[in-house]
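Subject: Structure handover

Hello,

Please find the structure below, followed by notes on what was found in it. The notes can be read alongside the coordinates.

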There are 2 protein chains.
Amino acid sequence: MSSKEGPYKVLLSEEELPTSWYNIQADLPTPLPPPLHPVTREPLGPEDLAPLFPMELIKQEMSQERYIEIPEEVLEVYKLYRPTPLRRAYRLEKELDTPAKIFYKDESVSMAGSHKPNTAIAQAYYNKAEGVKRLTTETGAGQWGSALALGCKFFGLDLKVFMVRISYDQKPYRRAMMHVWSADVTPSPSELTQSGRDVLAEDPDSPGSIGIAISEAVELAVADPDARYSLGSVLNHVCMHQTVLGLEAKAQMEKYGEYPDVVIGCVGGGSNFSGIAFPFMKDKLEGKEIKIMAVEPTSCPTLTKGKYEYDFGDEAELAPLVMMYTLGHKFVPSPIHAGGLRYHGASPIVSKLVNEGYVEPVSYPQLAVFESAMLFARTEGMIIAPESAHAVKCAIDEALKCKEAGESKNILFNLSGHGLLDLSGYEEYIAGNLKD
Amino acid sequence: MSSKEGPYKVLLSEEELPTSWYNIQADLPTPLPPPLHPVTREPLGPEDLAPLFPMELIKQEMSQERYIEIPEEVLEVYKLYRPTPLRRAYRLEKELDTPAKIFYKDESVSMAGSHKPNTAIAQAYYNKAEGVKRLTTETGAGQWGSALALGCKFFGLDLKVFMVRISYDQKPYRRAMMHVWSADVTPSPSELTQSGRDVLAEDPDSPGSIGIAISEAVELAVADPDARYSLGSVLNHVCMHQTVLGLEAKAQMEKYGEYPDVVIGCVGGGSNFSGIAFPFMKDKLEGKEIKIMAVEPTSCPTLTKGKYEYDFGDEAELAPLVMMYTLGHKFVPSPIHAGGLRYHGASPIVSKLVNEGYVEPVSYPQLAVFESAMLFARTEGMIIAPESAHAVKCAIDEALKCKEAGESKNILFNLSGHGLLDLSGYEEYIAGNLKD
């Protein structure tokens with residue numbers, strides 16, 4: 001059993017905040033297969049993406065530069081909540097009676113409560129810098145929508161959020177967060193777009209879906225020369241913006257005098273996983289022995305059961321085709337509480353790394369995940385997002401394997417967000433009403 | 001207008017965590033008037049309080065020692081979230097275009113989301129150390145109940161919470177938090193106590209009140225030799241436990257190379273105010289010039305409109321009489337969103353300091369407070385508790401006075417908690433449905 005031998009948390013000063021993001025594309029053994037045009041199926045060029053994104057983000061999406069400087073204006077907003085703490089889970093270790101050391105990067109401390117602002121702030125900045133007046137986006141449970149609302153507020157951009165109708169009705173608190181930061185939130189499907197009207201004509205009571213909401217957000221952005229579209233995961237530049245958290249974690253592990261044997265992140269589209277994993281993956285690609293694990297729900301088993309092939313990013317086939325693990329773009333996952341992990345595909349980079357054996361994917365059912373979340377809340381004291389609880393479950397399993405083997409490994413996971421707006425899921429679990 | 005000349009936040013390491021609480025009773029110009037027995041009206045002795053509190057807390061309640069050591073076991077739990085950051089509100093300063101410097105101590109980062117765990121953890125520890133098996137308490141909106149649930153979880157105590165029925169029904173998220181940390185939560189009035197049954201006999205649909213819930217919690221504690229009662233504010237030892245935050249703030253201001261000209265806290269029972277104010281009050285009592293302001297809602301104007309006299313701590317006249325500012329123990333405040341500030345009385349120490357002119361009380365109506373909360377969320381990015389927003393409103397007013405006078409004062413306030421479970425209040429404000 002581990003004993004207390006260092007602080008509960010390692011902090012960095014604002015001067016120690018990373019000043020560049022790490023672009024793993026520079027270090028991939030072979031280049032990524034190109035994204036294809038949804039109609040012509042020809043490789044996409046920058047000009048194809050120009051109606052959707054500002055040119056600097058398109059450049060980042062395709063860049064082969066190893067490090068990309070974080071603009072001063074973005075750093076100044078990051079510093080409101082970054083660097084975030086790296087914590088050692090002494091009380092969880094003790095409860096598990098494991099010789100393993102468990103560390104976690106705590107991204108729950110951002111004002112929006114998750115890692116999402118790391119890219120939201122950057123995206124808002126680059127759009128503003130190129131004269132864009134407003135952004136459009138979609139959101140499911142509202143985690144991404146609220147982060148982008150925060151980012152847009154800081155840089156004076158308007159934001160239109162299409163929020164899946166069923167969440168709009170069931171998650172009033174996240175909707176309220178977006179309103180606090182001045183975003184305009186519309187339940188999707190809506191009457192504002194042709195895509196929305198088409199769906200409503202067929203089913204006036206449609207509960208909506210991320211796929212429909214994407215179509216609405218894209219349609220609105222393309223129709224307005226002053227607007228662009230913003231996505232909170234999957235894309236290369238989004239995953240890259242998240243590496244700020246992994247670069248911090250690496251420096252913090254070093255301050256602790258340790259290096260992780262196992263690195264763990266949960267995967268929906270792949271952005272928080274990329275954030276924690278890529279800076280360590282760099283070492284692995286150079287030959288370092290390190291186990292990197294991607295955790296997903298068994299109800300949406302993209303990496304563990306999906307196929308690695310070209311597929312559309314959205315249900316309506318408006319988005320480009322990318323080479324990725326996918327359950328098929330018509331796949332409808334069951335309504336589990338970890339809403340952020342319900343995506344049919346995954347980041348092309350993460351997919352490639354899984355396909356080539358650099359990342360080990362694993363999946364867990366909902367009840368086991370909530371059981372881990374409860375154990376975490378009752379030892380470490382923190383109420384975490386059901387998404388993050390997938391990473392916790394995996395960390396616990398790895399720690400128990402260490403106990404069995406009598407090995408003292410260093411396990412590092414990313415705690416992507418708090419669960420304060422997910423307490424209804426906890427209440428259902430405690431009441432025994434939750435199903436796998 | 002201020003310009004950026006230092007970090008956004010000053011952090012302390014775990015080694016810099018204060019190892020003693022500051023007991024202001026040692027430095028009061030004259031002693032506190034004693035509490036009186038609710039029946040005999042004679043001054044209370046320690047033995048009168050023994051059925052309610054463990055002896056160590058009774059000693060602290062009456063202690064004249066200037067510093068009381070924080071037990072190692074309590075420090076080890078504090079370190080999960082302490083020291084908390086001291087932040088400089090650069091973006092708010094810029095928006096106000098003020099020469100004032102605005103600093104705030106951020107107690108929202110605790111696992112329960114407020115300053116309340118500072119005393120909950122200590123109280124749980126002392127009860128456990130004296131062999132107590134379970135605690136009882138009351139809670140209104142659930143802020144205190146959830147903090148004590150967390151404290152009891154860490155020290156292996158059972159907890160019975162009587163939650164005002166109307167909040168029990170309307171605040172399911174805080175109820176869920178208590179459940180996560182294993183507390184047993186009962187809507188009050190309940191059938192479990194004579195006090196509860198009496199109320200229900202008269203009004204089966206009673207929405208409950210803090211006064212009734214206190215009576216139930218006290219009745220249950222007194223009837224069970226293995227149980228004690230716990231209170232989250234007002235009492236001297238509770239206010240003292242909160243000084244850990246003010247002692248940290250003082251050290252952090254020093255690291256910033258500054259000393260506050262104005263110190264501000266909101267007041268319900270007075271505990272978070274005491275926490276930020278007392279360590280600076282020590283200097284004021286020694287002659288230092290410093291303005292110390294206590295902020296309350298106009299709808300519950302205890303310090304600004306109440307009388308300084310002996311009154312009962314609870315509605316049912318079971319609690320001792322204490323010398324304090326009071327609106328009368330039968331006063332029923334209107335149902336504002338800052339539920340934590342709806343108490344008819346106030347800490348005897350804070351009351352005495354107000355009465356003797358050391359503390360300047362001020363009150364604000366609800367709409368002005370929410371306006372300040374919105375400005376804070378849109379500049380600093382943080383969604384704060386409506387209680388804390390009272391302190392923000394006062395800080396903004398002081399900063400605007402500085403602008404008018406062309407003075408660059410240092411303003412420090414305590415941000416007692418986040419508002420993530422208070423977003424319905426924000427939504428009502430934004431929709432224009434909130435009233436003063």
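A salt bridge joins B:Glu14 to A:Lys9, with 3.1 Å between the closest N and O atoms. It is one of four salt bridges counted between chain B and chain A. Please keep in mind that this is a predicted model.

Polar contacts between the two chains come to 22 residue pairs, both residues of each pair being at pLDDT 80 or more. On the side of chain B that touches chain A, the elements giving two or more residues are α3 (72-78), α6 (143-155), α8 (172-180), α16 (366-379) and α18 (423-430) of chain B. Of these, α8(B) gives the most, with six residues. By residue type, that side of chain B divides into 25 nonpolar, six polar and 13 charged residues.

As for the extent of the interface, chain B puts 44 residues into the contact and chain A puts in 44 residues. About 3900 Å² is buried between chain B and chain A, and carbon and sulfur atoms give 58% of that area. Three residues, B:Tyr173, B:Val180 and B:Arg378, supply 17% of the area that chain B buries against chain A, more than any other three.

B:Arg378 sits in helix α16 of chain B.

The last item is the nonpolar core. The largest one has 231 residues, and A:Tyr78 and B:Tyr78 touch the most other members. Which residues does B:Tyr78 contact, leaving aside its neighbours within four places in sequence? They are B:Leu17, B:Trp21, B:Ile70, B:Pro117, B:Asn118, B:Ile121, B:Ala122, B:His241 and B:Val244.

Regards

Technical notes
Residues are numbered from 1 along each chain as its sequence is written. Chains are lettered from A and ligands numbered from 1 in the order in which they are written. This is a predicted model: local features need pLDDT of at least 70, side-chain atom pairs count only at pLDDT 80 or more; totals for chains, interfaces and linings use all residues. Side-chain values use heavy atoms; hydrogens and water are left out. Contact means heavy atoms within 4.5 Å. Buried area is the accessible area (1.4 Å probe) that two parts lose on being put together, summed over both. A salt bridge is a side-chain nitrogen of Lys or Arg within 4 Å of a carboxyl oxygen of Asp or Glu. A polar contact is a pair of N or O atoms within 3.5 Å; within protein, one must be able to donate a hydrogen and the other to accept it, and residues adjacent in sequence count only if both atoms are side-chain atoms. Helices (H or I, at least four residues) and strands (E, at least two) are DSSP runs, numbered from the N terminus. Ala, Val, Leu, Ile, Met, Phe, Trp, Tyr, Cys and Pro count as nonpolar, Asp, Glu, Lys and Arg as charged, and the others, Gly among them, as polar. A nonpolar core is a set of buried Ala, Val, Leu, Ile, Met, Phe, Trp, Tyr and Cys residues joined through side-chain atoms within 4.5 Å. Buried means under 20% relative accessible area, exposed over 50%, partly exposed in between (1.4 Å probe, protein chains only).
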